[in-house]
Protein chains: 2
Amino acid sequence: MSDTSLVAPPSLTTDALLRSRAEAVVPGGMYGHLALPTLTGIPQYIERANGSRLWDVDGNEYVDLMCGWGPVILGYRDAVVEAAAEAQRAKGDCLNGPSPVMIELAEIFVATVEHADWAMFAKNGTDATTMCCTIARAKTGRKKILVAEGAYHGAAPWATPNPTGVPAEDRANRIPYVYNDIESVRAAVTDHADEIAAILACPFRHYAGLEQPLVDEDFARDLRDICDEIGAALILDDVRAGFRMHHGSSWEPIGVLPDLSAWCKAVANGYPISAVTGNDDYRDAAASIFVTGSFWMSAVPMAAAVATITELGKRDAVGRMAVVGEQLRAGIRASAERYGFAVSSTGPVQIPTLLFTNDTKYQLAKALSYEALARGVYTHPARNWFISAAMTDADLDMALTGLDGAFQAVRKAYPDAS
Amino acid sequence: MSDTSLVAPPSLTTDALLRSRAEAVVPGGMYGHLALPTLTGIPQYIERANGSRLWDVDGNEYVDLMCGWGPVILGYRDAVVEAAAEAQRAKGDCLNGPSPVMIELAEIFVATVEHADWAMFAKNGTDATTMCCTIARAKTGRKKILVAEGAYHGAAPWATPNPTGVPAEDRANRIPYVYNDIESVRAAVTDHADEIAAILACPFRHYAGLEQPLVDEDFARDLRDICDEIGAALILDDVRAGFRMHHGSSWEPIGVLPDLSAWCKAVANGYPISAVTGNDDYRDAAASIFVTGSFWMSAVPMAAAVATITELGKRDAVGRMAVVGEQLRAGIRASAERYGFAVSSTGPVQIPTLLFTNDTKYQLAKALSYEALARGVYTHPARNWFISAAMTDADLDMALTGLDGAFQAVRKAYPDAS
């Protein structure tokens with residue numbers, strides 16, 4: 001399996017020129033979660049993509065394990081999704097009101113997601129998590145939200161992991177708990193009895209740069225029970241995991257239904273839309289708040305979402321991503337063992353996180369990503385990856401061969417690392 | 001000019017069925033600024049649009065004076081913008097990083113907007129206004145923002161005009177002033193010396209349902225001077241007016257440049273994108289905050305924005321919208337006078353607001369909108385309208401003839417109204 005030939009790193013000449021040109025007109029050159037300011041060995045600028053493949057601006061081709069950081073779930077430029085989007089585009093996109101497709105999309109969410117009696121749509125994942133909090137506050141008349149320490153729920157002032165420029169008041173109603181530690185939740189509930197509007201949780205612990213354990217099933221069930229006891233909303237932040245872990249709400253397989261869920265990334269295979277789903281207990285509260293955006297009713301992303309959710313079901317996309325993800329994880333573990341590295345591969349297999357155990361500065365992780373790129377595999381050294389259902393067996397072979405060669409190369413470069 | 005024939009109202013049978021169907025799966029049936037829950041005589045659902053024309057789901061055709069509530073500025077499905085979007089779409093949209101078009105768009109903003117040394121991009125207008133506040137706070141180390149009473153700056157918790165479900169803390173750092181009243185600004189500055197991060201202002205006073213006077217030029221200049229004196233940012237919220245009042249920042253014609261501006265609606269002729277522009281004094285602060293969104297780097301809206309801003313300049317779109325808007329305003333005033341109504345038509349002519357003077361419950365305004373729809377003219381009774389550069393002389397004639405007929409019909413229905 002290993003690729004023992006010498007491999008030259010991809011040329012990133014054009015990428016470097018673009019990074020330099022951007023410095024003049026964009027603060028810091030780039031910003032946000034796609035920014036790679038110190039990772040100059042990873043292409044920052046992307047030229048094009050198709051299916052499971054991506055091309056950087058220097059013409060290098062990769063099998064892609066990032067999927068646009070999550071939105072691409074059926075593969076880039078999926079024919080069925082693009083046809084649905086084009087049919088709507090020929091009629092119109094941003095209009096004076098919604099197109100009928102808005103209702104169709106809400107009906108599909110209600111039919112597909114077990115806890116959902118209704119749906120609302122927005123643009124950002126942050127719009128959706130914020131709306132869930134506002135709806136929970138409107139319903140309960142309380143203001144505190146329990147938020148797991150280190151959890152990412154968006155980049156609005158109340159949520160951003162870097163609170164530069166954010167007044168303390170904007171975060172005053174966040175109460176911390178520790179993911180998978182129910183006693184920390186009980187302690188927070190005791191301290192803030194009658195003040196808690198909601199408990200906000202991700203389907204798995206997805207902290208940047210750290211291992212990402214799955215939820216403890218008893219912990220999830222206890223969260224549900226505690227919310228019922230204190231009359232607070234259980235909010236599931238399915239922005240990152242939604243439709244990758246399950247064709248429905250991500251905790252349905254363990255029998256835990258939230259009151260409210262936030263959706264975004266994969267809902268429309270890359271078209272910009274987010275959603276909130278909720279049960280009937282929260283319907284009136286949802287109707288009582290005022291939220292909106294210039295493009296929230298745009299019809300093309302809704303048509304793309306209808307096609308995406310439909311195709312995800314038809315193709316058993318979750319099943320395919322699980323098969324590919326299991327084989328990727330097994331192959332990575334075998335390669336790491338072959339070359340004597342201690343690694344962890346955590347999170348759902350469809351959203352895997354690979355970390356070297358003894359690598360606090362991500363030196364080995366960066367080297368692995370660079371070596372993988374040289375072998376035509378696009379990954380990120382410190383963030384979770386995303387698998388799409390477009391991954392063929394040949395793509396998987398290419399990814400595993402490239403990663404095995406990358407592990408071998410890292411071993412050569414770091415002969416003493418463990 | 002007047003149309004004295006009897007006119008039947010448009011059939012809205014399908015629209016009514018869709019409104020009813022939506023009730024089951026969307027809280028309240030619809031939400032946000034496009035919702036028309038009590039205005040059942042105005043089509044809520046839109047089937048398609050092209051150029052200056054719009055068709056509702058019952059097949060009625062209208063000359064459109066709402067333009068998707070602002071985003072449509074060159075006309076629906078503009079051929080040049082659509083070709084640019086399609087060319088980018090063939091390469092990819094939501095990718096692992098930005099496309100080079102991100103840099104091109106930032107360069108166009110810097111070249112077009114006088115105060116802009118840099119640009120950043122997001123999805124919602126609210127993202128942009130919030131980012132401006134965060135950048136101002138990061139730069140100044142202060143937290144208070146002066147916000148005009150009744151001004152709309154978005155629908156995030158700190159900004160939404162209906163604070164249901166919003167804790168008081170989220171709005172604790174808003175300090176009110178009265179638009180066009182510099183003494184109210186000076187009083188707020190005196191009360192909060194050394195705490196003020198920014199003064200936030202719209203290019204004109206756009207309060208829902210009220211007259212929308214233009215800015216007093218001395219007021220704008222005094223805001224600039226006060227910000228300079230106290231070391232606070234002047235933020236111009238150009239979300240609604242941007243590129244309609246001027247091909248650049250909206251206060252350039254009066255010589256007042258903000259430090260930071262928020263842009264959204266018309267930037268990409270309906271494609272979803274918002275932007276922040278700023279000067280070099282705020283560049284480091286802008287680079288120091290963390291903001292992002294799943295679709296903020298999507299390339300298709302950026303390609304559409306490059307095409308839109310370029311075409312707006314080439315076609316002198318602001319000039320065309322001003323000509324059409326002036327003729328529309330003159331025609332409306334003539335019709336109102338002809339049928340004995342006291343009306344005000346305020347705001348920039350490209351973003352006009354028509355109100356009956358003696359009509360506190362909008363009874364006459366609603367009747368006028370309904371009668372205009374019956375004559376093929378889509379308006380809103382209580383919000384500002386938007387003119388696009390796609391309006392031909394024939395469209396304008398149709399709009400003026402329809403509105404004149406509508407005024408006449410309202411006079412017949414309300415013989416004693418003034």
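**Close-up views of a two-chain predicted model**

**View 1. B:Tyr177 and B:Phe219, a ring pair in chain B.** B:Tyr177 is buried, with a relative accessible area of 1% (buried means under 20%, taken with a 1.4 Å probe on protein chains only). B:Phe219 is buried too, at 2% relative accessibility. The ring centres are 6.3 Å apart and the planes stand at 35°, so the pair is tilted (rings of Phe, Tyr and Trp, the last by its six-membered ring, pair if their centres lie within 6.5 Å; planes under 30 degrees apart are stacked, over 60 edge-to-face, the rest tilted). The model is predicted, so local features need pLDDT of at least 70 and side-chain atom pairs pLDDT 80 or more, while totals for chains, interfaces and linings use all residues. Residues are numbered from 1 along each chain, chains are lettered from A, and side-chain values use heavy atoms, without hydrogens and water.

**View 2. B:Phe109 and B:Trp263, an edge-to-face pair.** The centres of these two rings are 5.6 Å apart, with the planes at 65°. B:Phe109 has a relative accessible area of 0% and is buried; B:Trp263 is likewise buried at 0%.

**View 3. A ring cluster in chain A.** Ring pairs join A:Phe109, A:Phe121, A:Phe243 and A:Trp263.

**View 4. A salt bridge between the chains.** B:Lys143 and A:Glu169 have their closest N and O atoms 2.8 Å apart (a salt bridge is a side-chain nitrogen of Lys or Arg within 4 Å of a carboxyl oxygen of Asp or Glu). Between chain A and chain B the count is 6 salt bridges.

How values were computed:
Buried means under 20% relative accessible area, exposed over 50%, partly exposed in between (1.4 Å probe, protein chains only).
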